[in-house]
Amino acid sequence: MADGPIVIVGASLAGLSAARTIRRADDNVPIVLIGDEPHYPYDRPPLSKGFLAGTTPEEKLRLRAAADPDELGVEWRLGTAAVGLDVAQRTITVKASIAGGSASTDGSASTDGSASFGDSASTKKSASTGNAEAIEFAGLIIATGARPRQLPGSNLQGVHVLRSLDDARALKTALDDGPSRIVVIGAGFIGAEVAATAREAGHDVTIVEAAGAPLARVLDTDAGMAIADLHREHGVDVRLGVGVSALQSDTVLDDPAVSAVALDDGSLIECDIVVVGIGVIPNTDWLEGSGLTIDNGIVCDDTCVAIGSDPEHPVVAAGDVARWDHHRYGQVRVEQWDNGVEQGAYAGTRVLAALNGEPSPDPYGPVPWFWSDQYDRKIQLAGMPGPTTELIHGDIAERKFVQLYLDSDGEAVGVLAWNRPRHAIQARQFLADGATADEIRTALA
Ligand SMILES: Cc1cc2nc3c(=O)[nH]c(=O)nc-3n(C[C@H](O)[C@H](O)[C@H](O)COP(=O)(O)OP(=O)(O)OC[C@H]3O[C@@H](n4cnc5c(N)ncnc54)[C@H](O)[C@@H]3O)c2cc1C
């Protein structure tokens, strides 16, 4: 094992999964887990569902592997942002991202009580410059996820995004304040889930989507319009094929609040709250100048090793920030919970193998898996969307159906299941086994 700790940047789903995998395989290797949020790792999917609805309390959000942070045997550096990477010197530079973050030179606790664990490998080897600190690593895992895209006007009061616990707390406080007029911009999964949760809580909700149907990157038009109908039946005003031209405020105060959303077609929707759900940007800014290849994420080989890193001391990426070479789907970046767990675990194994001089594990090539809950519907996707869809079971109008996604050669690449969880599980296994489209049709019909 090389000298120095394995450093993991991003103390959330993928980073935690990596840490747990490494610790299970090796009791002794020092691990430093760096996260710019002040919180121990928590689960994000409930933020748009149960947490926002008030059915999942905040104390239930902590990820299980971090239930007892001491037990993992890592040095926690919460409230600490990585701001630079030097691949040749094998160091990262970190800074406190919050007042009292554990990157402060006294190694003190961050705001929710997290702390560095004693006289650790990294603190011995780190050099402090002002409030920046260099940390050496033997191997590095980057799991910095992604952040929401913003719109001009996002600084207005009442305009929200939803990625972090702090975002969710702010949105929940606003929703709990009483019935509001809410405009959700973007009918992707998060926008659609927030709209459903807010509508069920009795708010007046409008969805604005620039594409002709919701979820156009994932669903075909029929399935997308089934989402639109589902929301309309619940009383949501769904506006499709129209963009936003401005977020307006009718006050000229120091701290103006949003009052309306102006649309490209000239219409104006008056509102109290806006939720912007127009996709995410991978958190790679801090890697600028590092020599790693960055292009819509950290570009990696088929074992998730970043292009441009040192093979003996690899930089491995995992989770929403990683774009890697998947044997079946080509270069992909997957923004899904299941992949965060799996790829994090893989990254841990990959780094350990390199540091121990062992052969690399087999390339990382899972069948991706995603779910979304809206009202009483569970939407699940195994594999990836393809250019062609085929209904193989059920009825789209009843919203209980299974669609097969095919690539340009007619091969199965994914299966979408609405309220058909058993089909979804089977489909994933079929895809993993390399089943043909015909085999899947026959089995799931
Ligand atoms: C509201 C919501 C609902 C979702 N619902 C579903 C769902 O129903 N189904 C599903 O499959 N997926 C869902 N997802 C997606 C899933 O949660 C993500 O795919 C998963 O969180 C990705 O994990 P990650 O560890 O790669 O990134 P993240 O969870 O984003 O974690 C990255 C961490 O790194 C930190 N970080 C960033 N930059 C730095 C830096 N420079 N230094 C230190 N730390 C840094 C970030 O602050 C963050 O804490 C949802 C996501 C959200 C936001």
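In which sense, right-handed or left-handed, does α1 pass α7 in their crossing? The legends below take up this crossing and other close-up views of a predicted model, in which local features need pLDDT of at least 70 and side-chain atom pairs count only at pLDDT 80 or more, whereas totals for chains, interfaces and linings use all residues. Residues are numbered from 1 along each chain as its sequence is written.

**View 1. The crossing of α1 and α7.** α1 passes α7 in a right-handed crossing (a crossing is right-handed if the near helix is turned clockwise from the far one by less than a right angle, and left-handed if anticlockwise). Helices (H or I, at least four residues) and strands (E, at least two) are DSSP runs, numbered from the N terminus. The two helices pack at an angle of about 40 degrees, with their axes 7 Å apart, the axes being lines fitted to C-alpha atoms over the stretch in contact and the angles running from 0 to 180 degrees between N-to-C directions. That angle makes α1 oblique to α7, since angles under 35 degrees count as roughly parallel, over 145 as roughly antiparallel, 65 to 115 as roughly perpendicular and the rest as oblique.

**View 2. The helices α8 and α9.** The axes of α8 (residues 421-432) and α9 (residues 437-444) come within 11 Å and cross at roughly 155 degrees, which makes α8 roughly antiparallel to α9. H423, Q426, A427 and F430 of α8 make the contact with E439, I440, A443 and L444 of α9.

**View 3. The shell around the ligand.** Of the 36 residues around the ligand, G10, S12, G145, G319 and G340 come nearest (a residue is near a molecule if its C-beta atom, placed from the backbone, lies within 6 Å of it). By class, this shell has 17 nonpolar, twelve polar and seven charged residues.

Key: Ala, Val, Leu, Ile, Met, Phe, Trp, Tyr, Cys and Pro count as nonpolar, Asp, Glu, Lys and Arg as charged, and the others, Gly among them, as polar. Two residues are in contact if their C-beta atoms, placed from the backbone, lie within 7 Å.
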